[in-house]
2 protein chains.
Amino acid sequence: MISKKTKYAINALVYLAKQDNNNPIRISDISESQNIPQKFLEAILLDLKKAGILASKKGKGGGYYMLKAPKEINLAEVMRLFDGAIALLPCVTYNYYERCEECIDEETCGIRDVFYEVRNKTVELLKKADLEQIIKREGNLKNII
Amino acid sequence: MISKKTKYAINALVYLAKQDNNNPIRISDISESQNIPQKFLEAILLDLKKAGILASKKGKGGGYYMLKAPKEINLAEVMRLFDGAIALLPCVTYNYYERCEECIDEETCGIRDVFYEVRNKTVELLKKADLEQIIKREGNLKNII
DNA sequence: AATTAGTCTATCGGATGTATAGAGTAATTA
DNA sequence: TAATTACTCTATACATCCGATAGACTAATT
């Protein structure tokens, strides 16, 4: 399961990416419209800013706005930022590799082999899912109904 | 990430499935050969027994042995048994569905749409991975080296 | 100068994951 | 039927993480 932090982050990003212009949006606006606890959201937005995805403006008329283009931000990136590794086993991650202590021979581990496949497929799907595409998907789903 | 419990369970199952005959194996044997803390392993084996995957025999010459055929046990089943849902969002699980509290419209949620795909692919891959196949994979990996 | 809004630090309760201890029970064998 | 072996159950400990909140601080704008 992904953490609430990641989920909130994605929701906030989609919300910001949906704005017509790129004017700053107040934290309290995002918080209320997306049902995210405000103080919790503050920390999340800060992290997104540090990651170079968002930027902020202080003072009256301030708030957060997109720095990167929606197409350049995908769910794999956001998940890694808040939850760390995407893989289900530490021994099949790109960025957070760790040997399984109890493992006898990693090279010939059939279990690892399976989870390696799972990770590859998952990352592939999550990378394809950028903010622009997610918004398009919403449009499609609305048309179906 | 899957829990150690799940990982230990899989390792113990593969170990038991590899035995030539289906004689009972002592907990202490599994524990030592697979580097799993014995007391922790006891609880895991009990769960696997309750799930109808293993059976046990008490007294001298006793231990745990396979009840189901290795081909009938796949990683999706084991993961669900110990870690619960496989999906990354509660709103896209088969067996543990829960609405996201903060969600505004589930039906048209683009994020959900993505994670729905990820879950389907993951479950597909994990279901294909039964114990027999895992053991075959190990054989293949050994031949490559 | 006053206002508005983001930034930082600290903290907290609760849940979960990993692991261990020890007493108790049941089956087997000799 | 006693001794042995091994499984079963309950309780507990500890660390870590997660979700959330409080409050003081700082910086930009009007």
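Copies are superposed by least squares on the C-alpha atoms of residues with pLDDT of at least 70 in both. In this predicted model, chain B can be laid on chain A in that way with an RMSD of 0.0 Å, by a turn of 180 degrees and a shift of 0.0 Å along the axis. The two chains are therefore related by a two-fold axis. The surface through which they meet is the same in both copies, since 100% of the contact residues of chain B recur in chain A.

The interface between the two protein chains brings 44 residues of chain B into contact with 44 residues of chain A, and the area buried between chain B and chain A is about 4100 Å², of which 68% is given by carbon and sulfur atoms. Between chain B and chain A six salt bridges are counted, and one of them joins the side chains of B:K7 and A:E102, with a distance of 3.5 Å from N to O. Nine residue pairs are in polar contact between chain B and chain A, with both residues at pLDDT 80 or more. On the side of chain B that touches chain A, the elements that give two or more residues are α1 (4–18), α2 (27–34), α4 (75–83), α5 (110–128) and α6 (131–144) of chain B. The largest share of that side comes from α5(B), with eleven residues, and by class the side of chain B that touches chain A consists of 25 nonpolar, eight polar and eleven charged residues.

DNA strand C is surrounded by 23 residues, of which A:E42, A:K49, A:G63, A:Y64 and B:K39 are the closest. Of the atoms of DNA strand C that come within 4 Å of the protein, sugar and phosphate account for 75%. Individual pairs of atoms illustrate this surface: a polar backbone atom of A:G63 is 3.5 Å from a phosphate oxygen of DNA strand C, and a polar side-chain atom of B:Y8 lies 3.3 Å from a phosphate oxygen of DNA strand C. In the side chain of B:K58, an N or O atom is 3.3 Å from a sugar or linking oxygen of DNA strand C. Two or more residues of the surface near DNA strand C are given by each of α3, β1 (54–57) and β2 (63–66) of chain A, together with α1 and α3 of chain B; α3(A) gives the most, with four residues. By class, the surface near DNA strand C has six nonpolar, five polar and twelve charged residues.

Around DNA strand D there are 22 residues, and those that come nearest are A:K39, B:R26, B:E42, B:K49 and B:Y64. Sugar and phosphate make up 70% of the atoms of DNA strand D that come within 4 Å of the protein. A base is also approached, as an N or O atom in the side chain of A:K39 is 2.4 Å from a base oxygen of DNA strand D. Phosphate oxygens of DNA strand D are found 3.0 Å from a polar backbone atom of A:K4 and 3.4 Å from a backbone N or O atom of B:G63. Two or more residues of the surface near DNA strand D come from each of α1 (4–18) and α3 (38–50) of chain A, and from each of α3 (38–50), β1 (54–57) and β2 (63–66) of chain B. The largest share, four residues, is that of α3(B), and by class this surface has six nonpolar, five polar and eleven charged residues.

Definitions and conventions:
Residues are numbered from 1 along each chain as its sequence is written. Chains are lettered from A and ligands numbered from 1 in the order in which they are written. Side-chain values use heavy atoms; hydrogens and water are left out. Contact means heavy atoms within 4.5 Å. A residue is near a molecule or strand if one of its heavy atoms lies within 4 Å of it. A polar contact is a pair of N or O atoms within 3.5 Å; within protein, one must be able to donate a hydrogen and the other to accept it, and residues adjacent in sequence count only if both atoms are side-chain atoms. Ala, Val, Leu, Ile, Met, Phe, Trp, Tyr, Cys and Pro count as nonpolar, Asp, Glu, Lys and Arg as charged, and the others, Gly among them, as polar. Buried area is the accessible area (1.4 Å probe) that two parts lose on being put together, summed over both. A salt bridge is a side-chain nitrogen of Lys or Arg within 4 Å of a carboxyl oxygen of Asp or Glu.
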